[in-house]
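Biologist: I am new to this structure and would like a short tour. Could we look at it together?

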Amino acid sequence: MSEQAPVARPLDDFALAAALCAEEAIARLGLREAYFKIAGLTLKTRFAGDALHDQISRPLAHIRSEPVAEPDLTITVWDTALSGIPLPKEAGPAAGHLRRGLALLQQEGRYLSLFEGVDRGLSVYDVENETAVYWVPDATRISEGDRATPFRVILNWWLPSKNCAMVHSAGIGTEAGGVLLFGLSGAGKSTTSLASFEAGFEFLADDLCAITVAEDVTAYSVYCSAKVYEHNLERVPNFASLVTNPQGLETEKAIGFLTQWDEGRVVRAMPIRAAIVLTAKEPGPPKLNRIAPAMALRMFAPPSVLNLPGPTKSLLGILARLCSRVPCYEMQISTELPENPRALRQLLASLETRA
């Protein structure tokens, strides 16, 4: 990707101006606060008005927590359409905040910013103070990404400072522990995780979760949402009944919230016993092959690096430790969806026996 035009003013000027605009929007629409817990860390959100809160906080509802005096991260959110407060002139052109290359962002000193054209939202993060501002143009027309996986860019910037990382992976498990399912978009992470949920598995994520790697690997749920392409809905009928955006399926994936299906099996955390990359879809039984840690890292890293712009070095370090801590596999999933949960359940049972 070619270099984009620089921001019109220094980023610290814009960050301060954006924070002041957010406070002015709150003064007009009222303050709505909510707290959430991710990997034992408290996220405080401050919304300008109820509309933004109601739209954006829904996929985080299962990790809602009690207020604390000193949260680990604070995000303030506002929109222009309802508040009448536009982005400040210090923002300059949106192009100045676009991603450059795979992971390089607009950054000056302690501030990072990114304009995601798909979400039409602008994230600004103060690394030093662990505060962020998020702006969207219209709270009544929230993007697919913000309705299913809000704040993912900001969380991806922040979590590595806490020895945690966001990874582009599904997370599901049984009483024997959990597995992480990696793969490029379209590999089958969502349909496999939903078929597994239907088969009685616990659910962490269908696309994005957080992980920590110490002596053991633990994965944490961030979102209770799932997204699938419309043509797959008939294959996951229980999920199809949860879809919240039937009118938008010509241009976006179907979005549903699994807490509406079985809240008790949408869990906040689980120990990870294996990491698996989905490589193909074929008729017949699924096939699992053990792979070396170095090969696993080469296969696991691209989806997270490509989809989550941010601190690539720390992400690669956490993924490398993941590959060295748990057995890694490549999996050819079956086009017969119920076969895949059976194979994963057998794998987890075998790993539990070996332990």
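Predicted model: local features only at pLDDT ≥ 70, side-chain atom pairs only at ≥ 80, totals over all residues.

Biologist: Which way do the residues of strand 15 point?

Modeller: Strand 15 covers residues 254–257. Ala-254 and Gly-256 point one way from the strand, and Ile-255 and Phe-257 point the other way.

Biologist: And are those residues buried or exposed?

Modeller: All of them are buried.

Biologist: How many bridges join strand 14 to strand 15?

Modeller: There are four bridges between strand 14, residues 225–228, and strand 15, and the two strands run antiparallel. As one example, Lys-227 has Ile-255 in strand 15 as its bridge partner.

Biologist: Changing topic, how many salt bridges does the structure hold?

Modeller: It holds 13 salt bridges. Among them is the pair formed by Arg-46 and Glu-23, whose closest N and O atoms are 2.7 Å apart.

Biologist: What does that pair tie together?

Modeller: Arg-46 belongs to strand 2 (residues 41–48) and Glu-23 to helix 1 (residues 11–29), so their contact ties together parts that are 23 residues apart in sequence.

Biologist: Is Arg-46 buried or exposed?

Modeller: Arg-46 is buried, at a relative accessible area of 14%.

Biologist: Which residue meets Asp-54 in a salt bridge?

Modeller: The side chain of Arg-32 meets that of Asp-54, at 3.7 Å from N to O. Asp-54 lies in helix 2 (residues 50–56) and Arg-32 in strand 1 (residues 31–38), so this pair ties together parts that are 22 residues apart in sequence. Asp-54 is partly exposed at 46% relative accessibility, and Arg-32 is partly exposed as well, with a relative accessible area of 29%.

Biologist: Where do Arg-110 and Asp-126 lie?

Modeller: Their side chains meet in a salt bridge of 2.8 Å, N to O. Arg-110 is in the loop between strand 4 (106–108) and strand 5 (111–116), while Asp-126 is in strand 6 (residues 121–126), so the pair ties together parts that are 16 residues apart in sequence. Arg-110 counts as partly exposed at 28% relative accessibility, whereas Asp-126 is buried, with a relative accessible area of 7%.

Biologist: Which residues do salt bridges with shared partners join into one network?

Modeller: That network consists of Arg-32, Asp-50 and Asp-54.

Terms used
Residues numbered from 1 in each chain as written. Heavy atoms only, no water. Buried < 20%, exposed > 50% of the residue type's maximum accessible area, 1.4 Å probe, protein only. Pairing = 2+ DSSP bridges. Salt bridge = Lys/Arg side-chain N within 4 Å of Asp/Glu carboxyl O.
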